[in-house]
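This report is written for a reader who is meeting the structure for the first time. Please keep the sequence and the model in view while reading.

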Amino acid sequence: MRRSELLLLINTLETPMLDLQQRSIEIIRAGQFDGAYAACLSFSQYGYCWLRDGTWIAYGMDAAGQIESARAFHQWAAHTLSRYGDKVDHLLEKMRRGEALDERDYLPTRFELDGRIGEADWPEFQLDGYGTWLWGLVQFVRAHDDFALWQAARPAVALTTRYLAALWQFPSYDCWEEFRHQIHPATLSAIYGGLRTVESIAPEMIPSGLPDAIQHFVMEKAIAPEGHFMKFLGNPAVDSSLLWIALPYQLVPLNDPRYQATVAKIEQDIHCPSGGLYRYRDDTYYGGGEWLLLTLWLAWIHYEMGRINPARELVAWVEAQASPSGEMPEQVAGHLLAPEYHDPWVKRWGTSASPLLWSHGMYLVLKSLLKD
Ligand code: BGC
């Protein structure tokens, strides 16, 4: 063994191994305020609570045994949404009268930590977070037989359901807050998953046949001629968020050939060799890096398909992206798809988000599955 290798070995042995699970819990706790999780406090644009991020952070915390933290998030979300019943009524009334809707008529995608709707301009009209929250709430209620939470959340569930039932076919921003004028299968799958899951415990709350109609719409319109799901209607490229269609939202089973073709195409087109997953090929946000939380999603699929080693390898790659103090970023810049866009974003908003609580949340999900 060469001297340098020996020194490296001694160093590794002397440095206490950072417990990334524990660190993730600490980082998430430090970003939780009265139930709300801030997406990333140190990043200029992310000091808000998104239903999408929040639900997954709560799911990860629950999986890691941090049940009170997860419950507090769901209570916060239920309380926050129930404040906006009038807003939903107003929107539905305008629709009934055939009036044009304004961007501010929709419910937002992110909230101030105290539940207010922020003033800053943002691509707010996104629907997937609402489906995601319904899905996550019911998972929690079921896992803990928490019927007190369910009772408390029912008004918010009813309002969310009415909102989604009225708007699911509308073009909206996708989960990456882009492509306002398109219809996104990943968004539809989140809506489907949320409504179907609520239906399983409270069928009277879901308009009869609605989940079936959404499923039918996706199967009819969102499959490319080559047989995989497409990024948005009319665009046959893939996007990593399409992984959500089966896991967790079960619009199709994991072994559905169209879903398997989608996973294969994602691995082929937007998985950086021996690295992580990109969002989609033309991504330019911070130069289009590899996203930790998406890489963990692919690991999750491998795990569910019984491919444990590939799952472990992806999780190990994610672990290797953590900073020395255990912080996990949103994305890493080692192999950018569009490097010329990196610096302009840094100039605009500062260095990209880290620690991103959603990355940590997904890490906790995977670690709870891949127990050593
Ligand atoms: C992502 C969203 C996410 C938000 C907060 C955005 O850049 O596109 O999916 O909800 O950051 O983490």
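## Overall form

The model described here is predicted. Its chain contains 14 helices and six strands. With a radius of gyration of 20 Å, close to the 21 Å that the globule rule gives for 372 residues, the chain is as compact as a globular protein of that length. Along the principal axes, the C-alpha atoms of the chain fill a box of roughly 80 × 45 × 45 Å.

## Helix 3 and helix 6

Two packed helices are described by the angle between their axes and the distance between the axes. For helix 3 (residues 51-63) and helix 6 (residues 128-144), the angle is about 20° and the axes are 8 Å apart. Angles under 35 degrees count as roughly parallel, and helix 3 and helix 6 are therefore roughly parallel to each other. The crossing of helix 3 with helix 6 is left-handed.

On the side of helix 3, the contact involves Leu51, Arg52, Thr55, Ala58, Tyr59 and Asp62. These meet Asp128, Gly129, Tyr130, Thr132, Trp133, Gly136, Gln139, Phe140 and Ala143 of helix 6. In the contact of helix 3 with helix 6, seven residues are nonpolar, five are polar and three are charged.

## Helix 4 and helix 7

Helix 4 (residues 67-82) packs with helix 7 (residues 147-167) at an angle of about 45°, and their axes are 8 Å apart. Helix 4 and helix 7 are therefore oblique to each other. Helix 4 passes helix 7 in a left-handed crossing.

Helix 4 contributes Arg71, His74, Gln75, Ala78, Leu81 and Ser82 to the contact, while helix 7 contributes Leu149, Ala152, Ala153, Pro155, Ala156, Leu159 and Thr160. Eight residues of the contact of helix 4 with helix 7 are nonpolar, four are polar and one is charged.

## Helix 11 and helix 12

The angle between helix 11 (residues 292-304) and helix 12 (residues 308-320) is about 165°, with their axes 7 Å apart. Angles over 145 degrees count as roughly antiparallel, and helix 11 and helix 12 are therefore roughly antiparallel to each other. Helix 11 passes helix 12 in a left-handed crossing.

Leu292, Thr295, Leu296, Leu298, Ala299, His302 and Tyr303 represent helix 11 in this contact, and their counterparts in helix 12 are Ile308, Pro310, Ala311, Leu314, Val315, Trp317 and Val318. The contact of helix 11 with helix 12 holds 12 nonpolar residues, two polar residues and no charged residues.

## Surroundings of the ligand

The residues that surround the ligand are Ala39, Tyr46, Trp50, Arg52, Asp53, Cys175, Trp176, Glu177, Leu356 and Trp358. Seven residues of this shell are nonpolar, none is polar and three are charged. Arg52, a member of the shell, also takes part in the contact of helix 3 with helix 6.

## Details of the backbone

Leu247 and Pro248 are joined by a cis peptide bond, with omega about 15°. Pro248 lies in the loop between helix 9 (210-221) and helix 10 (257-270). Ser354 and Pro355 are also joined by a cis peptide bond, with omega about -5°. The loop that holds Pro355 runs between helix 13 (342-349) and helix 14 (357-369).

Asp145 is not a glycine, yet its phi is positive, at about 45°. Asp145 is located in the loop between helix 6 and helix 7.

How values were computed. Residues are numbered from 1 along each chain as its sequence is written. This is a predicted model: local features need pLDDT of at least 70, side-chain atom pairs count only at pLDDT 80 or more; totals for chains, interfaces and linings use all residues. Axes are lines fitted to C-alpha atoms, for helices over the stretch in contact, and angles run from 0 to 180 degrees between N-to-C directions. Helices (H or I, at least four residues) and strands (E, at least two) are DSSP runs, numbered from the N terminus. Angles under 35 degrees count as roughly parallel, over 145 as roughly antiparallel, 65 to 115 as roughly perpendicular and the rest as oblique. A crossing is left-handed if the near helix is turned anticlockwise from the far one by less than a right angle, and right-handed if clockwise. Two residues are in contact if their C-beta atoms, placed from the backbone, lie within 7 Å. Ala, Val, Leu, Ile, Met, Phe, Trp, Tyr, Cys and Pro count as nonpolar, Asp, Glu, Lys and Arg as charged, and the others, Gly among them, as polar. A residue is near a molecule or strand if its C-beta atom, placed from the backbone, lies within 6 Å of it. The radius of gyration is taken over C-alpha atoms; the globule rule is 2.2 Å times the number of residues to the power 0.38.
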